[in-house]
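Please keep the sequence and the structure in view while reading.

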Amino acid sequence: MKELDPLLHSQLRLAVMSILLSLEEADFVYLKEKTESTAGNLSVQLEKLSSAGYISKRTDGSGPKPRTICKMTDAGREAMRKYVETLKTYFNGL
């Protein structure tokens, strides 16, 4: 049986990637609200996803407070596709 991608097999990282699958991009505050995460934990998990090349992050400093905006990369989309395909193999007997 194939192993699930350990980077995606984390509740918070998987939630972030799932949100970004359906959106062009999302800012930090939106992701924090949707995942009900703390700012510190979300920051750490976004950095892990970014370091793996699954998301890109940019800072928009045009407003009064800088905004971190996240977007899924092509590598992230492919990783999610593989993750879902692998997950499906776990349920073949159902």
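## Arg-58 and its partners

Arg-58 is partly exposed, with a relative accessibility of 45%. This value, like the others in this report, was computed from a predicted model. Arg-58 forms a salt bridge with Glu-25, and the closest N and O atoms of the pair are 3.4 Å apart. Because Arg-58 belongs to strand 2 and Glu-25 to the loop between helix 1 and strand 1, the pair ties together parts that are 33 residues apart in sequence. Glu-25 is likewise partly exposed, at a relative accessible area of 34%.

Arg-58 also has a place in the pairing of strands: Ile-69 of strand 3 stands opposite this residue.

In what order do the three strands of the open sheet lie? The order is 1-3-2, and the pairing is antiparallel. Strand 1 and strand 2 stand at the edges with a single partner strand each, so one side of each is left without a neighbour in the sheet.

Strand 2 covers residues 55–60, and six bridges join this strand to strand 3 in an antiparallel manner. The two form a hairpin, with six residues between them. Strand 1, residues 26–27, is joined to strand 3, residues 67–72, by two bridges, and these strands also run antiparallel. Within this pairing, Asp-27 stands opposite Ile-69 in strand 3.

Side chains of opposite charge can pair when their charged atoms come close. How many salt bridges does a search of the whole structure find? The search finds seven. One of them links the side chains of Lys-71 and Glu-24, with an N to O distance of 2.9 Å. Lys-71 lies in strand 3, whereas Glu-24 lies in the loop between helix 1 (11–22) and strand 1, so this pair ties together parts that are 47 residues apart in sequence. Lys-71 is partly exposed, at a relative accessible area of 34%. Glu-24 has a relative accessibility of 55% and counts as exposed, because the cut-off for that class is over 50%.

Another salt bridge is formed by Asp-60 and Arg-67, whose closest N and O atoms are 3.9 Å apart. Salt bridges that share partners join Asp-27, Asp-60 and Arg-67 into one network. Asp-60 is partly exposed, with a relative accessible area of 23%, and Arg-67 is partly exposed as well, with 38%.

Most residues other than glycine have a negative phi. What is the phi of Glu-36? The angle is near 55 degrees, a positive value in a residue other than glycine.

Glu-36 is found in the loop between helix 2, residues 28–35, and helix 3, residues 39–51. Is this residue buried or exposed? Glu-36 is exposed, with a relative accessible area of 74%.

Key
Residues are numbered from 1 along each chain as its sequence is written. This is a predicted model: local features need pLDDT of at least 70, side-chain atom pairs count only at pLDDT 80 or more; totals for chains, interfaces and linings use all residues. Side-chain values use heavy atoms; hydrogens and water are left out. Two strands pair if DSSP finds at least two bridges between them. Helices (H or I, at least four residues) and strands (E, at least two) are DSSP runs, numbered from the N terminus. A salt bridge is a side-chain nitrogen of Lys or Arg within 4 Å of a carboxyl oxygen of Asp or Glu. Buried means under 20% relative accessible area, exposed over 50%, partly exposed in between (1.4 Å probe, protein chains only).
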